[in-house]
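I opened this notebook to record a few look-ups in one structure. The entries follow in the order in which I made them.

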Amino acid sequence: MSIVITGATGQLGRLVVEALLDLNVPAGQLVATGRDLAKLDDLADRGVQVRAIDYSDSASLREAFSGADKVLLVSGSEVGQRLPQHLNVIAAAKEAGVSLIAYTSIANADTTGMALAAEHQATEVALRESGMPFVLLRNGWYLENYTEQLGNFLQHGAVLGSAGEGRVSAASRADYAHAAAAVLLGDDQAGKVYELGGDTAFTLGELAESVTAATSQPVIYQQLPAEDYTQALVGAGVPEQFAQILADSDLGIARGDLLVTGGALQALIGRPSTPLSVAVQAAAEALSAAKA
């Protein structure tokens, strides 16, 4: 069996490779792919096959997928360009005759109105129309979306947002990676749709409280109109188009678009998902160590 992991030079894809190795998949059965092979040198040293791909380069995809049994399509990072890139991946996987393609979509893709979901929704349609066996991993928000902003929260004493009292079911990248690994190794996965999110949803107000508890520095949640939040992000250096998407995503949280129930993530990984408090505490300790 050969399993190809796309985007293995990125954070999620890399963690999926590590999860599969942790589950004792022989390294030689794994194919880690990405644009910058230098980032995969250590995996190659451990026996993992590494191949260069670019989602916009169909020839590289066909070569990488040759002989593959299963492919994990980690959604592209270039918002606005992902659909044509994903179509290239799907076409190459179909040509290679893979038995299953797994796709990292977004939570509640069939009902959400978030702008960020549009390319995921179109990719899901393309998978259905391809006639290929596929499985959907509808990942919720990453805890890292918040913990990686810890320094900013502490600097300003506030978590800014437009999510109101909406609850978000976030989990760590490692949690989602282990879920993907479990699906890739499972039997009879074709046609399944997994809504994946953390066990305990939280509001951004509760996020602020968790930051305060972990750091002993007072941090509040400051609710802003979406337009004001967009401008705050732009002022912090976020490109305006992406700032608009982030603000729109907060409005989605307010509607419940990123609330996930059902426990599918815990069932796949065989343990509780990473709690918010644990993730924030770890980020606080890392930040403190970096300053020491």
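I located Pro84 in helix H4 (residues 82–96); helices are DSSP runs of H or I with at least four residues, strands are runs of E with at least two, and both are numbered from the N terminus. The model is predicted, so that local features need pLDDT of at least 70 and side-chain atom pairs count only at pLDDT 80 or more, while totals for chains, interfaces and linings use all residues. Residues are numbered from 1 along each chain as its sequence is written, and side-chain values use heavy atoms, with hydrogens and water left out.

I noted a relative accessible area of 46% for Pro84, which makes this residue partly exposed (buried is under 20%, exposed over 50%, partly exposed in between; 1.4 Å probe, protein chains only). Glu119 is 35 residues from Pro84 in sequence, and their C-alpha atoms are 9.4 Å apart.

I then turned to Arg138, in strand S6. Its relative accessibility is 4%, so Arg138 counts as buried. Strand S6 (residues 134–139) runs parallel to S8, joined by 4 bridges (pairing requires at least two DSSP bridges).

Beyond four places in sequence, the contacts of Arg138 (heavy atoms within 4.5 Å) include Ser105, Asp110, Glu124, Arg128 and Tyr194. The side chains of Arg138 and Asp110 make a polar contact of 3.3 Å (N or O atoms within 3.5 Å; within protein, one able to donate a hydrogen and the other to accept it, with sequence-adjacent residues counting only if both atoms are side-chain atoms).
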